[in-house]
Amino acid sequence: MTGPRAAGKILNGAWMLDDPDILIGSVVLVLSLATLVGFILWSRRVINRLARHGARTLREITKDRDGV
Amino acid sequence: MASDRSPVSSELSRELGLFQITMMGLGMMIGAGLFIGIGKSIHEAGSGGLLLTFALNGVIAIMTAMGYAELSSAIPRAGGAYNFARLAFGRGTSFTAGWMEWFASSVAGSMYAVVFSIYAIEYLGGLGWIGWLPGERVVQERILAALVASLFLYVNYRGASETGRIGALFTIGQTLFVVLIGIVGLVTVARDPARLENFKPFMPNGWWKILATMGFTFVAFEGYEVIAQAGDETIEPRKNLPKAMLYSVGIVTVTYVLVAFATVVCVRAGTEIVENGKVVAVVDEPWRWIGSFGATGFAAAVGQLMRRAGPFLVTLAVIFASTSALNATIFSATRTAYALGRDRMLPGAFARISQKRKTPWVALLATAAIVLLVATALPVMDVASSASIMFIFLFLLVNLCVIRIRRNMGDELAYGYVMPLFPLPPLLAVLCLGLLALHLFELSWLAWVTAPAWIVAGLVVYRLYSRSHAVATEDEIAILEEERAPEDRGAGYRITVAVANPANALDLVRNTYRLARSKDARVELLHMVPVPPLAPLADAERYMLEGKEGVVEAMLYLAPMFPLSTTLRYCRNPARGIVSAVRERRADLLILGWHGAVRGGVFQLGSTVDPVIERAPCDVVVMKDCGGDRSFRRVLVPLAGGPNGALALEIASILAEGEASEIVAFTVNTGRARFDVDAFVRENEGRLAGGAGRVSTAAVRARDVVGSILREAESYDLVVLGSTRVPVLRRLSSPPVPETVARTCAKPLVMVKAAGGLTGWLSRWI
């Protein structure tokens, strides 16, 4: 089965979003995963910036705005 | 008093990289919690609830993992929550954290042993290989669980270095297996989209049920605790520890959601269940059918998806996952018990090392007792719930530690990672974890008996033993000398005077006398002895002589007039020591002197005064050049409103000498926001010593606020002003007006900060 055909078949399941529980559940699921990935990427950026500049106290980090 | 540990310290070699420690975390997480959690969660919360259980748990786990990551990047030492709690809250809470961690890891070990035995007996029973065994199924399971646990207890006694490497291989295998299940599920749905109907009804038992299933499965998200334990052995720990914690939570959450999805679509509605060539059942509602298997629901579902190899692969994965996690939890529990013994929080025997094997055998024996007792005595769901609830309590505490350590030690620790949006993630995590713990009661009341009972037992042990036997750590604040006034003398108002040196003491005494008389207060003289970072704490007394002289001089002046206590303490950081003393003594007002010199850098008034003003949970008065025989007849109070301005007026009215003195409430109108100084004085009339008769007001129109105040101050004896209310972070980018005036004003100056409101209340407790 080709990728687009498979995706099309899965999207056929979109009729299920008529069910309010499934609609809300899907939104919660997507938001949860987006929050998770967002926090990880943001944190990764902070870690890498601090690793370049060296570990410092909170006040020093805040003053130099090291990606926080 | 000081540490009685050997001055010679040893260090573990740093050999673990990002990949290895991420694998350690994954190995702890992808295990029994997932496999038994799926069956139970789908039974309680339905198909949709199962998906959301893991997704939402991932969000709570990432918030807690961010806390662990921040603390581990700043304190990259083995010890985990036990270490963090010691720095944040001191010995008592630290003991409780270690005590909980020991139990949580031990009970998690019991759970892995029980799940191993349930799946192994189920599989072997299916093959008809154990029909000859006597006893009921549950008895067989418990005996096997005890045997497996004993085996790994013995492996830990032998030393677990090699099993660590094998564990990494197991982890890769089990992770690949569960990812494979997830992919097979997606492919199945792509071929047969009608299986998505399995998600109807999405929440058959209501949305609130998710909270209970989230609590039950939270044990499957506890791997970052093990990563934190590897702080001493990790290469570039400030960078790698936080990354490993965050990556491992990200990987397991996505994997769990994928596996949960696959489990739901494994079975098609209407499928005939065949056993020995006969149809024994027809699946009407897949979620109900999977849930009916309880702990083995996952295996039953996968068995329908991969009829031939499914049961074997699942059993193999569970055995791999359970054994590697069992080994790691026993190791972690033993290490925690050993640390408690090493710090004399538990009897020293817990730190006893086997001469032959170099392992802490007493700690291991004690851990074995818990693991075996729980594995054989409690029902499996209650074992899992007990482990979950204990980890929830532990993580709740760690989230509080993040807030407290940032607040108290942010100027001392070097951070390799600071979480974004602080303090929102730890506060939300505390709230959510509390909710999960409460709702877990629905699934296991026994967990709610076991966990609190263990904590209460810990408190008793601490009271009777640990409190008097614990050894001091490097960062603790300790009392060197103390002389306290009888509690019944003096009113309820308490003034603490931080004395830095003899000259400073005499400067503060005269004004302290006025303030104490006005408030009818008790006075406590406090001297912090800062011990340099590399000097042993045992030498603290060598550094205290100068401060002691100052305290004695101040005492001679004040003791005849007020109930007076004196305290000398040593610490690594004077600001933290002062705030800690003020909080402990429940002081209402703190007075400290300031030399007026600032070397630049990140502080407005200095590395001691700034943190004290920011964190002290009481009113603070900072005095510059106010000593000697100075009398304050003309006092200027620059105002812009707010509680600090009101306190500045009050303090000015106390310090102004005699009825003939004059207090001028002064404001600079920049044209942006109009401030009515007359109304402000009228509002605060009741607070002024001697009434408002001596107070006049003045206002000028100018753009340069600092310049206007400095010019006005030239004709006054004293300037009293409120500290800025601008948040600390914003202060660093643009210096606030009061602090700039304080730095540049040549006149005697008093800066005040008022406590109160939510921030003041939180400061007292957190």
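How many bridges pair strand 7 of chain B with strand 8 of chain B, and in which sense, parallel or antiparallel? The answer comes in point 2, after a word on the model.

1. This is a predicted model, in which local features need pLDDT of at least 70 and side-chain atom pairs count only at pLDDT 80 or more, while totals for chains, interfaces and linings use all residues. Residues are numbered from 1 along each chain as its sequence is written, and chains are lettered from A and ligands numbered from 1 in the order in which they are written.

2. Strand 7 of chain B pairs with strand 8 (residues 619-624) of chain B in the parallel sense, over five bridges. Strands here are DSSP runs of E with at least two residues, helices are runs of H or I with at least four, and both are numbered from the N terminus; two strands pair if DSSP finds at least two bridges between them. B:Gly593 has B:Met623 of strand 8 as its bridge partner. Strand 7 of chain B also runs parallel to strand 4 of chain B, joined by four bridges, and there B:Val497 is partnered by B:Ile591.

3. Five of the five residues of strand 7 of chain B are buried, so the strand is largely enclosed by the rest of the structure. Buried means that 20 or more other C-beta atoms, placed from the backbone, lie within 10 Å of a residue's own. B:Leu589, B:Ile591 and B:Gly593 point one way, and B:Leu590 and B:Leu592 the other.

4. Have a look at helix 19 of chain B too. Its buried residues include B:Pro574, B:Gly577 and B:Val582, and among the elements covering them are strand 4 (494-498), strand 7 (589-593) and helix 20 (609-615) of chain B. After helix 19 comes B:Arg586, with a positive phi near 55 degrees.

5. Now for chain A, which has three helices and zero strands. Of its 68 residues, 22% count as buried. 37 residues of chain A are in contact (C-beta atoms, placed from the backbone, within 7 Å) with 41 residues of chain B. Helix 2 of chain A supplies the largest share of the side that touches chain B, 19 residues.

Definitions and conventions. Buried ≥ 20, exposed ≤ 12 C-beta atoms within 10 Å, placed from the backbone. Contact = placed C-beta atoms within 7 Å.
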